[in-house]
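Colleague: I am new to this one and would like to understand the words you use for it. Could you show it to me and let me ask about them?

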Amino acid sequence: MNNYRPISLLTSFSKIFEKVLQRRLLNHLTEHNILVKEQYAFRTNLKTDNSTYHLTNEILKGLNDNKMVGAIFCDLEKAFDCVNHKILLTKLKFYGITDNHYKLYKSYLINHYQKTLLYNKNGNIITSARSKVKQGVPQGSVLGPLLFLIYINDLPKFVNEKSVPILFADDTSILVSHPNPVEFCNTINTVFQILSDWIQNNLLSLNLDKTHFIRFVTKNKNLTELNSKFDNKLPPITTTTKFLGLTVNCSLTWTNHIDFLTKKLSKTCYLIRNIKPYLSISTLRMVYHSLFHSVMSFGIMFWGNSPYSPIIFKMQKRVLRILEGVGYRDSCRELFKELKILTLSSQYILSLLLFVTQNRGLFVSNSSFHNFDTRQ
């Protein structure tokens, strides 16, 4: 039951009213450049690919500079439900929400009541007694996510002097790099202490089951040489963790993520094989895109060039053979054309091109180096 959270059911009028408030508040935050650049969640033109790129780019940059690189992957426990209204209102006032605007948000948060509705085994409705909402922002609301971003907006400012914070709502990752082993350990301990103090001061708590520390290394590096020097207050040291739907390991080889995909896509192949006799090819194609291709293409720009990615391509060819009912030795080249489905390598290239096109400012063009024509 710890993984279940109440979702607020709002009327249509409430959603429209919240949408107006959300747009006005977001315009104020954008106009005055209040939201930190380290936050990627619920932001226009930003998604998980942007935060994952930031993470992997910083890790690879540190490793290329022969630095020791480590990261604390934090998960705030019941973050949306633990937002303190008094602290949130103080931060709203600090960010320029005053007078009648402040009173409006105060009335939105204070003196609200809620009740829970459930269905029992017989299909009957069970309703709890009404209780006062003492903390938290409503999940399922339009305004709630933006209020939460304001609540944790000052977190990066406490740690970015010694580290690189990357936030996606309540998922917080903090990267530390240093060429000196002793300073590396001291910096990690200092950053984690600052993070713990901020969480305690803002009346939040860490989900220790989902909080990990990873030291990133090249393939032939020894992982155990620094573990004994870390402070005992650090979260468990591991070699793999989940980051925004991707399984990241200590050497960024993506083997663990591909293993996870293999198991998940195998189940999808089995499902499609069983339902094939009852559905048309057009319906099966929709099932393929919703259950197979969407899973395969998620984050493919990061793991698509891995030497282990051909395993997933073989599974893609297997599911196409199932769709068309051909033998396992038959070529799939014409099947991709008939079904108008991109191959894994084509999807990888397309994802890269789209990301580069949408984020040109992150990359350096040739003209940034020199203006000499090197072609004769």
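Colleague: Why does Tyr53 count as buried?

Modeller: Gladly, and please keep in mind that this is a predicted model. Buried means under 20% relative accessible area. Tyr53 has 16% relative accessibility, so Tyr53 counts as buried.

Colleague: What makes the pair of Phe73 and Phe216 edge-to-face?

Modeller: Planes over 60 degrees apart count as edge-to-face. The planes of Phe73 and Phe216 stand at 70°, with ring centres 6.4 Å apart, so the pair is edge-to-face. Phe73 lies in strand S1 and Phe216 in strand S8, so the pair ties together parts that are 143 residues apart in sequence. Phe73 has 3% relative accessibility and counts as buried, and Phe216, at 1%, counts as buried too.

Colleague: How do you know that S1 and S8 pair?

Modeller: Two strands pair if there are at least two bridges between them. S1 (residues 68-75) and S8 have five bridges, so they pair, and they do it in the antiparallel sense. Ala71 stands opposite Ile214 in S8.

Colleague: Why do S6 and S8 stand at the edges?

Modeller: The open sheet has four strands in the order S6-S7-S1-S8, with antiparallel pairing. S6 (164-168) and S8 (212-216) each have a single partner strand, so one side of each is left without a neighbour in the sheet. From one strand to the next, the twist averages 15°.

Colleague: Which strands does helix H2 lie across?

Modeller: Helix H2 (residues 48-64) lies across S1, S6, S7 and S8, and runs at about 160° to S6. Helix H7 (residues 181-201) packs on the sheet as well, touching S1, S7 and S8.

Colleague: How do you know that the charged end of Lys242 sits over the ring of Phe260?

Modeller: The charge has to be within 6 Å of the ring centre and within 35 degrees of the ring normal. For Lys242 the distance to the centre of the Phe260 ring is 3.8 Å, and the charged end does sit over that ring.

How values were computed:
Residues numbered from 1 in each chain as written. Predicted model: local features only at pLDDT ≥ 70, side-chain atom pairs only at ≥ 80, totals over all residues. Heavy atoms only, no water. Helix = DSSP H or I, 4+ residues; strand = E, 2+ residues; numbered from the N terminus. Axes fitted to C-alpha atoms, helices over the stretch in contact; angles between N-to-C directions. Contact = heavy atoms within 4.5 Å. Buried < 20%, exposed > 50% of the residue type's maximum accessible area, 1.4 Å probe, protein only. Phe/Tyr/Trp six-rings, centres within 6.5 Å; stacked < 30°, edge-to-face > 60°.
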